[in-house]
Structure formats: structure tokens, C-alpha cells
Amino acid sequence: MFADTAKIYIKAGNGGNGCTSFYTEKYVNNGGPDGGNGGEGGKIAFRAVSNKNTLADFKFARHFRAENGENGKSRYSAGKKGKDLIIDVPVGTVVKDAETGGIIADMFSEGEVIYVAEGGRGGKGNAFFRNSRRQAPHFSQAGEQTQEHTVLLELKTIADVGLIGYPNVGKSTILSVISSARPKIANYHFTTLSPNLGTVSVYDEMFSVADIPGLIDGAAEGAGLGHDFLRHIERTRLLVHVIDGSGSEGRDPVEDYKAICRELADYSESLAEKPQIVVINKADMMTDFSVCDKIEELSGSKPLLLSAVVHSGVDELIKRMYNELKQLPPPKPLEYEPFVYEKPDKTSFDVVKTGDGEFEVFGGLIDELSRGVVLDSYDSMQYFQRQLRERGIDKALKKAGVKTGDTVRMLDVEFEYVE
């Protein structure tokens, strides 16, 4: 089955840890801290490529993780930045956040690269924490951890013209006649299971045509194969509505035309408003030519009689498509407000009284400060406590009613408050 949707999981690289190290060399006393910073984690990006036309690759490979940053080293050596991960997707792929449905990117142009997830920041080495009062810090900072995100990929074929109509009306045959495409053609429903693309040359110019799998009644609500491929018509500038004029399938051509127009309108108003060229195929087998007048009355334009099998009317169809496209604006990417993954707020915190003499402090600031805490390091705890005072956490605890001897919990650590 043609794969035009996929769910994948992406995760940018974690930041590397800072290094705790002291310079040592023969005859050099008290060399001081020389631990380097950790490297930044790799980013995640998507790239639009034309050599893919399906999302089948993502049915098996679902987890994508960029490289983590390298840990810092001694002698002020910073860790190496993690390698970015670029995920190749077909041109026309729309990238969405699975949780909100927000559009992250529309990969409309070949070669376009869009970064969607930032790597974690590297932790600071102990050399960074050295100052006039703290000459030999015995602690460093851990690298920033990144979150995994669930992403939906949705392929919308980009073509100038879309061939639409009921199954077995001759769309694939028409595509094979007007272009070099060679779709599978057979005399049964749903021969076409995926959009086929072809290129038509006219006057040293070219335009693309997509054969969209046959629609049926209820396609807009999910019936048959049509619902899965209606999204591909959204990208087209012009629709060629193909009708079986012979009635060989036992259907009324006029009712077929009405039904397909209803399905387009039910799916999207913009689809119903797209310009159409109505083609009555299998004209060599027609017996009731009053169909032409009825279709003209409904569509407001004269339908084109065509027989793809004997190549009758093919040149006229190509000419009409070319002339119509000349008057239409070029295709454009989707108009949307880009969804961006929020960066954690590293400045906010909350104080909550959880019981008699018990308080909990949590928030982005606490998570950020905890990266530099080493429980068995006196220097590290001194630095942490100083930050609590300077960042206003100590003041907030007092405002919440904390007293000496009360228990304060931060992350997985509990300590007794001493004023």
C-alpha cells in the first residue's frame, strides 16, 4: 500500500557534561581547575528531496536521534559538538506535531532544510566556576537533556494538474498517452493504488500531471481509497475531471460528475473551487451524446470529448491544460503559523506547601540549577545555596512560611531548612 503518512519520534542530542579537572605538571603546584565545557548536542532537521516519492522508509525506521555532545576534557578542552541529524523526506511533505497538530514545516521546495529541534547545551567545566572567592571548585555542570517529540509526516503530492474521477474511467490511460509515465493499467477497479506522476511537454515547456486514485461515494468521510488521496489534490492548480461517457460500468455519467463534485466540496471548499476541465472519455463507445449538454449545463463550460485508447482529442486536452495553467498563479507552499517547540523556561519556579512543615520547590530554574549540583561536593552545595539566595528562592520560601527545621524538597533531594 502507498505510504503517504507516518508517525516518527525525534530527539535532538543531549549536551555533553562539563569536566572536573585540575592542572597537574611536574614542578607546578596548585595548577588550578582546567576542566573544559561539554559540547552542544546535535540538532534535528528535515530536508526535502526529489528522489523519494513515498514515506515507506518511515514505516520501519521510526526513531531518529541526533548525536550527543561530547563531554569536556582536562586542559580546558571543550567537548566536540554532536553531529546534526538531517532526515530526508519527499518534496511536498508536511511535518506536524503529533500532540497539537500544529504544522512545523511544509517541505515544498527541493533541497529545503528546516531545523525543528535544538540540541542540549553543554555543561560548564569546573574552570568556568572559578572566581576570586572560589579558587578551586570541585564540581562541574551536567549537559542539558533534551525531550523526545512525536512527529506526523503527511505527503501531499505537488503537481500542476490532477486527474480525478471514478475508478476505471481511464485516468491512467490518459496519463500514459499525454506523458512518458507508464502506470499500471487494467480493466478493474482500483488498478491505481497510489498517485502516479507524469510530465507533459508543450512548446519547450513542461508541466506535471498526477493520476489520483479513483474516488467513490463517501470518500470525504473515509470510504474507499479516495479519502487517503484527496490530500494530494490540494497541491494541484488545475483539475481534469474524467467521466466515462460510455456508461460501460453501468453508471450514469451525469450522476458521476455530480457525485465527485460533492466529494470535493465535502472534503474542502478550496477543492470545490479549483478550476476544472471536464473530459468525457471513451467517446468512441458513446451512444447518448445528450450527456455533453447536461454536463455543460452543470459545469458552465463545454466538456472535451476524448478517447485515450485511440488518441482522439488528446492534443486538444494538452492544449487546454497548457492554456489554463498559463492563466493560473504558480503553486505556493501552505500558509500557516509555524509550530515551534518551546524551550524550557529556565527562570521560573514555584513554592508549594505540601504538608505540616514540608515544602516543595520546582520549576525550570530548579532543573537548571540542579545540573551543577554534586551532592557529595562541599563546593557544589555552597554554590547551589548561594544561587538559591541570589535567585530569590530563599525569599520565596520565607514568604510561604518556611521555618528553621522544616523540610524542603527539590527534585529528588530533601534537606532541613536552616535560616
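Phenylalanine 139 counts as buried because its relative accessibility is 0%; buried means under 20% relative accessible area, exposed means over 50%, and partly exposed lies in between (1.4 Å probe, protein chains only). Phenylalanine 129 is buried too, at 4%. This is a predicted model, in which local features need pLDDT of at least 70 and side-chain atom pairs count only at pLDDT 80 or more, while totals for chains, interfaces and linings use all residues. Residues are numbered from 1 along each chain as its sequence is written, and side-chain values use heavy atoms, with hydrogens and water left out.

The structure holds five aromatic pairs. Rings of Phe, Tyr and Trp (its six-membered ring) pair if their centres lie within 6.5 Å; planes under 30 degrees apart count as stacked, over 60 as edge-to-face and the rest as tilted. The pair of phenylalanine 129 and phenylalanine 139 is tilted because the planes stand at 40 degrees, with the ring centres 4.9 Å apart. Both residues sit in the loop between β7 (113-117) and β8 (148-155), 10 residues apart. Helices (H or I, at least four residues) and strands (E, at least two) are DSSP runs, numbered from the N terminus. Ring pairs also bring in Phe128, giving a cluster of Phe128, Phe129 and Phe139. Over the face of phenylalanine 128 lies lysine 124, at 5.1 Å from the ring centre. Such a charge sits over a ring if NZ of Lys or CZ of Arg is within 6 Å of the ring centre and within 35 degrees of the ring normal.

Another aromatic pair joins tyrosine 203 and tyrosine 322, edge-to-face, with 5.4 Å between centres and 75 degrees between planes. Tyrosine 203 is in the loop between β10 (196-202) and β11 (205-211) and tyrosine 322 is in helix α6 (residues 314-327), so the pair ties together parts that are 119 residues apart in sequence. Tyrosine 203 counts as exposed at 61% relative accessibility, whereas tyrosine 322, at 11%, counts as buried.

Tyrosine 203 also belongs to the hairpin of β10 and β11, which has two residues between the strands, and takes a positive phi near 50 degrees there. These strands pair in the antiparallel sense over seven bridges; two strands pair if DSSP finds at least two bridges between them. Valine 200 is placed opposite phenylalanine 207 in β11. In a regular strand the side chains alternate between the two faces of the sheet.

Strand β2 (residues 44-49) is largely enclosed by the rest of the structure, because five of its six residues are buried. With strand β4 (residues 85-90) β2 pairs in the parallel sense over six bridges, and leucine 85 is the bridge partner of isoleucine 44. With β7, β2 pairs in the antiparallel sense over four bridges, where alanine 45 stands opposite tyrosine 115. Lysine 43 lies over the face of tyrosine 115, at 5.5 Å from the ring centre.

β7 is also one of the elements that supply at least two residues each to the lining of the largest pocket, along with β1 (5-11) and α7 (364-370). Of the 33 lining residues, Glu118, Glu144, Glu342, Lys343 and Pro344 lie nearest the pocket centre. On a 1 Å grid over the protein atoms alone, a pocket is an open set of points where a 1.4 Å probe fits, with protein on both sides within 12 Å along at least five of seven lines; lining residues have an atom within 4 Å of a point.
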